[in-house]
Amino acid sequence: MKTGQLPRGQFDIWLAMGSAMVLGLMMLFVFAGVVMRYAFNAPILGANEVLELASVAVVMLAIPYCTVEDGHVRIDLLDGALGRLGRWITEILYRVVGLAVLFFVTRSYFDRTLDAWAYADTTNLLRIPIWPFYGLVLIGMGLFAAILALQMLRMILRPGPIR
């Protein structure tokens with residue numbers, strides 16, 4: 001088990017599978033858009049809006065799985081020099097800073113989601129409601145924070161080997 005890794009659940013896997021499905025649909029949509037544009041001279045109206053919103057879904061649905069798997073990009077430049085205790089402190093610090101940043105992100109997106117709902121904000125061309133996508137950011141970042149908090153709690157209560 002990696003540093004701070006939690007027991008395996010299914011929720012993050014289902015979200016990651018949803019992310020993969022949205023990504024697959026995006027690929028098909030882009031392919032259809034290229035065929036429509038170049039073969040029939042009939043581009044898909046609002047394709048960029050659809051792809052932008054789908055990109056939000058792809059990333060936000062995948063973040064919890066990536067966090068549980070400890071798959072985020074990191075540079076282990078000083079690991080050898082820090083020793084076991086130094087690496088443990090660095091891992092805790094990473095999670096503390098992450099939680100602080102994610103607190104502000106989730107608070108901001110909570111307000112944005114409510115505002116977009118209240119004012120019925122939509123995209124410019126297709127008039128797709130924006131609030132569900134703000135909500136996805138809120139959920140994705142909230143789950144990211146919850147997983148970081150649980151990992152940190154596990155690391156403090158049951159310290160184990162650090163990579």
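**Entry 1: the kind of model.** I noted at the start that this is a predicted model.

**Entry 2: helix 2 and helix 4.** I asked myself at what angle the axes of helix 2 and helix 4 cross. I found a crossing of roughly 10°, with the axes of helix 2 (residues 47-68) and helix 4 (residues 131-157) coming within 9 Å. Angles under 35 degrees count as roughly parallel, so I put helix 2 down as roughly parallel to helix 4.

Next I looked up which residues meet between the two helices. On the helix 2 side I listed L53, V56, A57, M60, L61, I63, P64, T67 and V68. Their partners in helix 4 are F133, L136, V137, G140, M141, L143, F144, I147, L148 and Q151.

**Entry 3: salt bridges.** How many salt bridges does the structure hold? I got a count of 1. I remembered that side chains of opposite charge can pair when their charged atoms come close. Here the side chains are those of E91 and R95, at 2.7 Å from N to O. I placed both E91 and R95 in helix 3, where they sit 4 residues apart, about one turn of the helix.

Are E91 and R95 buried or exposed? I checked, and both E91 and R95 are buried. For that label a residue needs under 20% relative accessible area.

**Entry 4: a nonpolar patch.** I then went over the surface and picked out a nonpolar patch of about 470 Å². I wrote down its members as I75, L77, L78 and L82. I followed up on L82, which lies in helix 3 (residues 79-118). The relative accessibility of L82 is 37%. Partly exposed runs between the buried limit of 20% and the exposed limit of 50%, so L82 counts as partly exposed.

**Entry 5: positive phi in the loops.** I looked for positive phi in residues other than glycine and noted N41, with phi near 50°. I located N41 in the loop between helix 1 (11-40) and helix 2. N41 has a relative accessible area of 68%, so I marked N41 as exposed.

I also noted R127, which is not a glycine either and has a positive phi of about 60°. Where is R127 found? I traced R127 to the loop between helix 3 and helix 4. With a relative accessible area of 53%, R127 is exposed.

How values were computed: Residues are numbered from 1 along each chain as its sequence is written. This is a predicted model: local features need pLDDT of at least 70, side-chain atom pairs count only at pLDDT 80 or more; totals for chains, interfaces and linings use all residues. Side-chain values use heavy atoms; hydrogens and water are left out. Patches are made of residues with over 30% relative accessible area and no salt bridge: like charges are joined within 9 Å, nonpolar side chains (Val, Leu, Ile, Met, Phe, Trp, Tyr) within 5 Å. Accessible areas come from the Shrake-Rupley method with a 1.4 Å probe; for residues, only the protein chains shown count as cover. A salt bridge is a side-chain nitrogen of Lys or Arg within 4 Å of a carboxyl oxygen of Asp or Glu. Buried means under 20% relative accessible area, exposed over 50%, partly exposed in between (1.4 Å probe, protein chains only). Axes are lines fitted to C-alpha atoms, for helices over the stretch in contact, and angles run from 0 to 180 degrees between N-to-C directions. Angles under 35 degrees count as roughly parallel, over 145 as roughly antiparallel, 65 to 115 as roughly perpendicular and the rest as oblique. Contact means heavy atoms within 4.5 Å.
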